[in-house]
Amino acid sequence: MNQGLALEILLAGESALLTGPAGTGKTFVLNQFIRLSKYEGKHVSVTATTGLAATHLGGSTIHAWAGIGVSDELPGQFLDHMSKGRREIIEKTDILIIDEISMLHDFRLDMIDEVCRLVRRKDIPFGGIQVVMSGDFFQLPPINRDGSRQGRFVVNSNVWNELTPVVLYLDEQFRQTEGDALHGILTALREGELRRHHAESLLARADTNPPEGMTLTELHTVNVDVDRINELRLAALPGDEVMYQQHSTGSANYVESLQRSVLAPPALTVKLGALVMAVKNDAARRYVNGSIGTVVDFEPGSDYPVVEFMNGKVITMQPDTWELRDGDKKRASISQIPLRLAWAITVHKSQGMTLDAARIDLRKAFVEGMGYVALSRVKDIEHLYLVGINRMALQVSTEAADIDVHLRTQAGDAKKRFAHLQQQADGRQLAEPKGTKKKAGSAGWSEKIAAMRETYPNAYRPWTAADDATLTQEFTNGSTVKQLSKKLGRHEGSITMRLQKYFGEDTVAT
């Protein structure tokens, strides 16, 4: 299924699972859906299974949103202890987004369903909220800890069968190129058909070193290796260290809970030349969570680090704030420069990122899907540099493989069922006019399009294969967004969003 049809089905109000291989644009579609839904005046609650994943969409954890925390079951008199603010949020929600759904236990999805039914006083799935789950079951699974309730993927939950979400299986690859060896390896991993030539192609990258002076991040499976590498690389740089200590408010237990979702370290130490990563989306959209850059200066007076990001922007990084809220109450806050050292990060923290190049060490992979997540972060095999790999890294969940077969079948049925929306999808340009909500009595949409086409002849016309070929070729050759806008007869915002679709948000800033 293509992104356009998936978006139209979501806009039609269907609860759904948005899935597909890494690099097919699940987050891109979610962001489009969230933006258009808010434009229509809908109340959208954006959540994810982890604090890290939630930051990619600017939301909160699903556990916090539902008020269930880390509980394994709802306590008695649950509603009596729910804050008024949280209750109002659930009551007002029209659409609930749950990203990285592969990591959510089945019993917790049932708990979230029960909370919504109780709060909204409607005995139907999620109290009538449109629920959009997104994720890939081949990636990191739910974590079962000793002494806690054991769970499986959400497809095994009771509410899944009652909700019967529409399966939107994206199959158009935007990160890797079809025909590239890496694309073949990732496809083989998903299909359980890894062959000798795949392994040989992968192992050949262990004998290849990156070009001298190339900037790249290393992915490791355990935190101790990440910390050791970052400390060694920082120590090797000349010059003085500059340290930024975080400031926090709230009781220690709340601050500790919040700290687990904040990627910025309590004490950030950098030098000139340090490789760093932004760990929060910039409100001005100059960088995003995962943007890589280098410390090139320090602001006089404040000593705040000046970072040149790979998108070319040079930004003075100032402290940002993370908050832990309990309904309408702020329980804790942490203020820190939103950076961390980026010579190395864990595979877990890389999930959802696209890296231009990476050195990957999978010798200590310890869970199914970890190798798939790590390898799928880069765009092609020429930018993958392998330190080592173990047998576990080449394994994916057999249950995920079985689930995938059923999901593909259900997605095929959905494609036929909603075929009438394909023409509408083809005609929609994924960049509606910016604004708040539609106003009654405003000019009709056809009039707006006609007026726009006086300046941009191809505004809101379907993108053709020839358009995309011109766009990508001209951009690769150095054409600016403004030049592409004139050449293709489309608004600069549309050009930017199309480029982000192919090259990533960090490559083309808005």
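Between which strand and which helix is the loop that holds glutamate 100 found? Glutamate 100 is placed in the loop between β4 (95-99) and α6, where helices (H or I, at least four residues) and strands (E, at least two) are DSSP runs numbered from the N terminus. The structure is a predicted model, in which local features need pLDDT of at least 70 and side-chain atom pairs count only at pLDDT 80 or more, while totals for chains, interfaces and linings use all residues. Residues are numbered from 1 along each chain as its sequence is written, and side-chain values use heavy atoms, with hydrogens and water left out.

The secondary structure of the protein amounts to 19 helices and 20 strands. Of the 510 residues in the protein, 52% are buried; buried denotes under 20% relative accessible area, exposed over 50%, and partly exposed the range in between (1.4 Å probe, protein chains only). Among contacts (heavy atoms within 4.5 Å) between residues at least 6 apart in sequence, 73% join residues at least 24 apart.

Glutamate 100 has a phi near 50 degrees, a positive value in a residue other than glycine, and is buried, with a relative accessible area of 10%. A positive phi, of about 45 degrees, is also found at threonine 164, in the loop between α7 (158-163) and β6 (166-169). Threonine 164 counts as exposed, at 56% relative accessibility.

Strand β2 (residues 44-48) pairs with β4 in the parallel sense over 5 bridges, two strands being paired if DSSP finds at least two bridges between them. In this pairing, aspartate 99 in β4 is the bridge partner of alanine 48. Strand β5 (residues 130-134) also runs parallel to β4, joined by 4 bridges, with isoleucine 95 opposite glutamine 130 in β5.

Helix α6 (residues 106-120) comprises 15 residues and reaches 22 Å from its first C-alpha to its last, close to the 21 Å expected at 1.5 Å a residue; the expected span is 1.5 Å times one less than the number of residues. Because 13 of the 15 residues of α6 are buried, the helix is largely enclosed by the rest of the structure. Just after α6, arginine 121 takes a positive phi of about 55 degrees.

A nonpolar core is defined as a set of buried Ala, Val, Leu, Ile, Met, Phe, Trp, Tyr and Cys residues joined through side-chain atoms within 4.5 Å. The largest such core has 94 residues, of which Ile112 and Phe137 touch the most other members. Helix α6 supplies the largest share of this core, 7 residues. Apart from this core lies another, of 24 residues, among them Met1, Leu7, Leu36 and Leu170. When residues up to four places away in sequence are not counted, phenylalanine 137 touches residues including Leu17, Ile101, Phe153, Ala400 and Leu407.

Strand β19 (residues 358-362) has 4 of its 5 residues buried, so this strand too is largely enclosed by the rest of the structure. Strand β7 (residues 217-220) runs parallel to β19 and is joined to it by 3 bridges, with alanine 358 as the bridge partner of threonine 217. Strand β20 (residues 384-389) is likewise parallel to β19, with 5 bridges, and leucine 386 in β20 stands opposite isoleucine 360.

An open sheet is formed by 5 strands in the order β14-β13-β12-β11-β17, with antiparallel pairing. Strands β14 (314-316) and β17 (339-341) stand at the edges with a single partner strand each, so one side of each is left without a neighbour in the sheet. Strand β11 (residues 275-278) is joined to β17 by 3 bridges, and methionine 277 stands opposite arginine 340 in β17.

Glutamine 336 lies in strand β16 (residues 329-336) and counts as buried, at 2% relative accessibility. A polar atom of its side chain lies 2.9 Å from the backbone oxygen of tyrosine 244. The side chain of glutamine 336 also reaches the backbone oxygen of proline 266 at 3.1 Å.

Methods. A polar contact is a pair of N or O atoms within 3.5 Å; within protein, one must be able to donate a hydrogen and the other to accept it, and residues adjacent in sequence count only if both atoms are side-chain atoms.
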